[in-house]
Amino acid sequence: MFNSLFYIDFLIKEEKNSAVFLRPKFFLEIDKNEKDTLGLIKKNLLDSKERFRSKSIDFHVFIDISEKKSHFWSPQLHIEVLPKDKNSCTVKGLFGPKPQVWTFFMFLHFAVGICFLVFATMLYVNYSLDKSLLFPLLMVIILPILWVILYFIGRLGRDFGKKQMIELHDFLLSSIS
């Protein structure tokens, strides 16, 4: 599941998932309890109001790029701080697009999937009734291609926001250590 293991320093161990995913994840094991770790992150976010916007709910922190630097493909970092034992915790990080962008892309994927099913059914019905197969067959061929194109557009968007992903990741690491 994980393809890389990095040691940031003696206190932090990081695991990252494969680069294939549209929403990359990472895990940090930290030799501080969860309240201290969360306090460090929140303190550094207050000091970096010009660079980042954030929301915090319990042990979850959502970090966005400031509105000045933000663009359509700007990532969001969701951090969850989980207790491991009394003196250590695990920080889960998940990069993803802003919720509006994610919802829009999921809507497009579902719309293409539903249209594919409709045209596949139409193809079967037209075949059964000996009617013209041209349009439904064309759509059954075009829609999976469109689906793949949507996937690669998402990948390009992630690559476009990669610099900001690194900025968010570096900020988190500097906040914790």
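Tutor: Rings of Phe, Tyr and Trp (for Trp, its six-membered ring) pair if their centres lie within 6.5 Å, and planes under 30 degrees apart count as stacked, over 60 as edge-to-face and the rest as tilted. This is a predicted model, in which local features need pLDDT of at least 70 and side-chain atom pairs count only at pLDDT 80 or more, while totals for chains, interfaces and linings use all residues. Residues are numbered from 1 along each chain as its sequence is written, and side-chain values use heavy atoms, with hydrogens and water left out.

Student: OK, how many aromatic pairs are there in the whole structure?
Tutor: A search finds seven aromatic pairs. One of them joins Phe-26 and Phe-95, a tilted pair with 5.6 Å centre to centre and 40° between the planes. Phe-26 belongs to strand β3 and Phe-95 to strand β7 (residues 88–97), 69 residues apart, where strands (E, at least two residues) and helices (H or I, at least four) are DSSP runs numbered from the N terminus.

Student: Is Phe-26 buried or exposed?
Tutor: Phe-26 counts as buried at 2% relative accessibility, because buried means under 20% relative accessible area, exposed over 50%, and partly exposed in between (1.4 Å probe, protein chains only). Phe-95 is also buried, with 6%.

Student: And which residues make up an aromatic cluster?
Tutor: Phe-72, Trp-73, Phe-104 and Phe-105 form one cluster. Phe-72 is partly exposed at 45%, and Trp-73 is partly exposed at 23%.

Student: Switching to charges, how many salt bridges does the structure hold?
Tutor: There are six salt bridges, each being a side-chain nitrogen of Lys or Arg within 4 Å of a carboxyl oxygen of Asp or Glu. Among them, Lys-84 and Glu-29 meet at 3.1 Å, N to O. This pair links distant parts of the chain, with Lys-84 in strand β6 (residues 75–85) and Glu-29 in strand β3 (residues 25–30), 55 residues apart.

Student: What does Arg-51 form a salt bridge with?
Tutor: Its partner is Glu-167, with the closest N and O atoms 3.8 Å apart. Arg-51 lies in the loop between α1 (34–47) and β4 (52–57) and Glu-167 in helix α4 (residues 162–176), so the pair ties together parts that are 116 residues apart in sequence. Arg-51, Lys-69 and Glu-167 are linked in a network of salt bridges.
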